[in-house]
Amino acid sequence: MKYDKIELPYSYNALEPYIDEETIRIHYTKHLQAYVDKLNKALEGYEKFTNGKTLEEILSNISKIPKSIRQTVINQGGGVANHNLYFSILSPYPKKYPEGKLLKEINKAFGTLDNLKEEINNVSINQFGSGYGWLVRDKHGKLKVLNTLNQNTPLSCGFTPILTIDIWEHAYYLKYKNLRAEYVKNIWNIINWEKVEELYK
Ligand SMILES: [Fe+2]
């Protein structure tokens, strides 16, 4: 079984002006593709550990992967899963506000949607080095904001990620240079709550 990147659900320039065409093109066709290729290469010969399993299942049970390739799977497999989530929750025509059960849980955990955004912005801006800011749910449906380093995924800690902001410099540097906070603030214009609701369910 080969793992792959998602089909990009919009064109490279569709997220402008918030994320520029060149950034999306390089991020998707070069960075994400490199994670895909290195993951599949690392898994060659280890099919009995991956057969029939989704990448999310593998990362959720990472201790089942042999030690000799485990860190590579965390890095490269996380790179594939995290980017696939990131690209899938962005949209040029986003649903601007969450509704229903998700909104109820957001209000319960954070008070308001604006508080939630502020909390994700803070963990994203303050993440030292490369990583991600996340909104995740636990197995009872409770929401939590957290950040991770490098390509580590909340899947490996028992959480289901439903929203993520890639805060590696490659995600924003061409347009925003050192201004990570500007990128993080602007990305809310293209986060599609319809997709986040779907993932929450
Ligand atoms: Fe990235």
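Guide: In this predicted model, the element that gives the most to the lining of the largest pocket is α4, with 6 residues. Helix α4 spans residues 67-89, and it is one of four elements that each supply at least two lining residues; the others are α3 (55-60), β3 (160-166) and α9 (193-200).

The pocket itself has a volume of about 350 Å³. Its lining comprises 18 residues, and those closest to the centre are Glu56, Ala81, Asn84, Leu85 and Leu199. By class, the lining divides into 10 nonpolar, 5 polar and 3 charged residues.

The position of the pocket follows from the domains. The domain assignment divides the chain into domain 1 (21-89) and domain 2 (100-200). Because both domain 1 and domain 2 give residues to the lining, the largest pocket lies between them. The centres of the two domains, taken over C-alpha atoms, are separated by 20 Å. To the contact between them, domain 1 brings 20 residues and domain 2 brings 26 residues.

Helix α4 also has a helical partner, α1, which covers residues 21-43. In general, two packed helices are described by the angle between their axes and the distance between the axes. For α1 and α4, the angle is about 145 degrees and the axes are 9 Å apart. The crossing of α1 past α4 is left-handed. On the α1 side, the residues that meet α4 include Ile24, Tyr28, Leu32, Tyr35 and Leu39, while those contributed by α4 include Ile69, Val73, Val80, Asn84 and Phe87. This contact of α1 with α4 is made up of 14 nonpolar, 8 polar and 1 charged residues.

Two details of the backbone complete the description. Most residues other than glycine have a negative phi, and most peptide bonds are trans. In the segment before α1 lies Pro17, and the peptide bond from Glu16 to Pro17 is cis, with omega near 5 degrees. The second detail concerns Asn150, in the loop between β2 (143-149) and β3. Phi of Asn150 is positive, near 55 degrees, although Asn150 is a residue other than glycine.

Conventions:
Residues numbered from 1 in each chain as written. Predicted model: local features only at pLDDT ≥ 70, side-chain atom pairs only at ≥ 80, totals over all residues. Heavy atoms only, no water. 1 Å grid on protein atoms, 1.4 Å probe; cavity = no way out; pocket = protein on both sides within 12 Å on 5 of 7 lines; lining within 4 Å. Points joined across faces, edges and corners; volume = space filled by probe spheres on them. Nonpolar A, V, L, I, M, F, W, Y, C, P; charged D, E, K, R; others polar. Domains from an automatic or database assignment. Axes fitted to C-alpha atoms, helices over the stretch in contact; angles between N-to-C directions. Left-handed = near helix turned anticlockwise from the far one by under 90°. Contact = heavy atoms within 4.5 Å.
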